[in-house]
Amino acid sequence: MAALVGRGVRDMLKRADFMTVPRRQRHKKKWAATEPKFPATRLALQNFDMTYSVQFGDLWPSIRVSLLSEQKYGALVNNFAAWDRVSAELEQLSARDFVNEAIFHGEPEPENGQTAAPPPASWACSPNLRCFTFARGDVSRFPPARLGSLGVMDYYLMDAASLLPVLALGLQPGDTVLDLCAAPGGKTLALLQTGCCRNLAANDLSTSRAGRLQKVLHSYVPQDVRDRNRVRVTSWDGRKWGELEGDIYDRVLVDVPCTTDRHSLHEEENNIFQRSRKKERQMLPMLQVQLLAAGLLATKPGGHVVYSTCSLSHLQNEYVVQGTIELLANQYDIKVHVEDLTHFRKLFMDTFSFFPSCQVGELVIPNLMANFGPMYFCKMCRMT
Amino acid sequence: MAALGRQVLDWHRLIPLTWSLIARQTTRPGEQKRTTAFLLRKLTMVSSGGGLGESPSVEPQKYAQEPEHRTGLTQCLLEKQRTAVEREKVVSSLLDMGFSDVHVNELLSIQPGTHPQQLLDIISELILLGLNPEPVCVALKKSPQLLKLPVMHMKKRSSYLRKLGLGEGKLKRVLYCCPEIFTMRQRDIESIVGVLKEKCLFTVKQVTEILHRCPCVLREDPGELEYKFQYAYFRMGIKHVDVVKTDFLQYSMTKTKERHVFLERLGRYQTPDKKGQTLVPNPLLKDILRVSEAEFLAKTACSSAEEFGVFKELLAREEEESEGRMADAGSPEEAGP
């Protein structure tokens, strides 16, 4: 009897991982010169070197050096503060409003000599957005934003490329808008700046991040505007939106969690390339498909969705868009049409560096002369 | 009398040389001309006088009529005789050492105030250290302050340089690039040598090689020199032998960092791992540091001048900020997606 019990215990112990690893292969701390410490930022870089050198070929070195060097910012002017004074001050610094320049000077030869032909509604940019950047090759920095006389901050510093998905979404006055993964709040703030939101639903799964989003809104948007725009901040699971609020929204922004390429190369804390988060990272594309599907399901037929990430990866970008469209067609019998953003891209070519070979959507790639991005975005229209 | 006789004999020996000196004489102002004229007068007196023995006595006879001037002028003339004689000795020694007449002229006119013996002593030390006449001339013309050095100091420094292995012709390049090697303080040289030997662990032979090939290291701050070596060894993975072979230490730290970090971030340079291996072969050091910026960009970095320009600015700022440990002054609250 004792022998049987003994054997059972031994088997159980054998099953524990520790005992099955041959003694010689366990890390011998006393012999190791250094602990096998490989920072997540380094793992991220290794991962990128492997994938992106193939994906981008000769372009990869210039993208790589830009990712590893200080990024460039844009100053999104707060329309709820004294925006004309703020704009003048920013111009004094030799920065210029790239949105204004793109829309009013980016038009190709006008038909009959008029300077600002209004573009057709289907690809109109969201209005009222003012964002200043320094010229190509100018590495000046903006001073930190300050609190203005109206009790709100004068501008919001962000990666200027982050504004492009919001511009591409093409808000129009009176739109009901959903920002499915809203934190930390730069794009949400931009949506409010357009002045077009009849309702704005801003959601983020993480309560702490939703808290940050609240803080941003409080610092930039006066209470009465928040009330008028019916801003609602939630921290529900974004994947459930199809069931929660199906077919409702005019415009939906799905700015999904991704490998945050630039951030992952510099920040060690909570880095998704940590070995302990490997599974989570590998499941990202699936999560992204689910979120985009939910966003599309929450859109009313005829409404528009913009999907965006801050990653360079095919698997998180085009692959997700194409996969979701297929999923919606097969499982829900919903037809989704991808909008061509070529004209939109041309408007902003002078400020940003775009990857020329995206199958669907557009990709801003970092370049030392214009160190914005990465930012992928794709605009879709829900047809049925 | 005997002394005077000796002097006469000296004169006799010197006459042909003096002739040649005068014959090649170009217009040289001041003392040189007076000396020449004086010598010429002596010469004509000797040749016309017929008897060598007469010349010394010409002076006293000439001035016999003016007793009151005799002491001052005689002294002055004797002075001039002495200087001229010494000068002639020096000239002859220089010619013996292998200097050409042209060289001798040049050397004598570098610092006209220099005592000829001083000139000879300094030059002798340089010759003894293995320098050839031509380089000596060039070096002294470039750095006339060397002629002002006390001879004892010169001798001591020379022996120290020999100890460092910088005799036998190795000195030429060092002297061209860094003439201060004679004028600077002994302990400053020692501190540089000390850094190379004790901190960087170069062999004695390697230290000589470094001083010979990159004399400018003598001008560097010892701490910065050590940092430069550490950057090569630890950051770039370059071994001692290659640090010497590629003259790594002569390039400024700024230039090295700019080019190295640029390549590293482009993914074109990798610090070798413990086994000395890299995923892709690193470019040769000469293709990084020795080439011009244009060639570096075209061949090694495969990038544009404007991108490199921006990169240099960004790197300079990074360096400044990490040094000053400033809290990010201009950073935004959040960079938001």
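Select A:Arg146 and A:Asp154 first: the backbone nitrogen of A:Arg146 lies 2.9 Å from a polar atom of the A:Asp154 side chain. That's a polar contact, meaning a pair of N or O atoms within 3.5 Å, where within protein one must be able to donate a hydrogen and the other to accept it, and residues adjacent in sequence count only if both atoms are side-chain atoms.

Before moving on, know that this is a predicted model, where local features need pLDDT of at least 70, side-chain atom pairs count only at pLDDT 80 or more, and totals for chains, interfaces and linings use all residues. Residues are numbered from 1 along each chain as its sequence is written, chains are lettered from A in the order in which they are written, and side-chain values use heavy atoms, leaving out hydrogens and water.

Stay on A:Asp154, in the loop between strands β3 (131-133) and β4 (155-158) of chain A. Strands are DSSP runs of E, at least two residues; helices are runs of H or I, at least four, and both are numbered from the N terminus.

Is A:Asp154 buried or exposed? Buried, with a relative accessible area of 5%; the cut-off for buried is under 20% (1.4 Å probe, protein chains only).

Now show what A:Asp154 touches (heavy atoms within 4.5 Å): leaving aside residues up to four places away in sequence, look for A:Leu76, A:Val77, A:Asn78, A:Ala81, A:Val86, A:Ala145 and A:Arg146.

Next, hop to chain B and pick helix α12 (204-213), where B:Val207 and B:Leu211 are among the buried residues. Their cover includes α9 (171-177), α11 (186-199) and α14 (240-245) of chain B.

Finally, zoom out to chain A: 16 helices and 12 strands.

Note on methods
Buried < 20%, exposed > 50% of the residue type's maximum accessible area, 1.4 Å probe, protein only.
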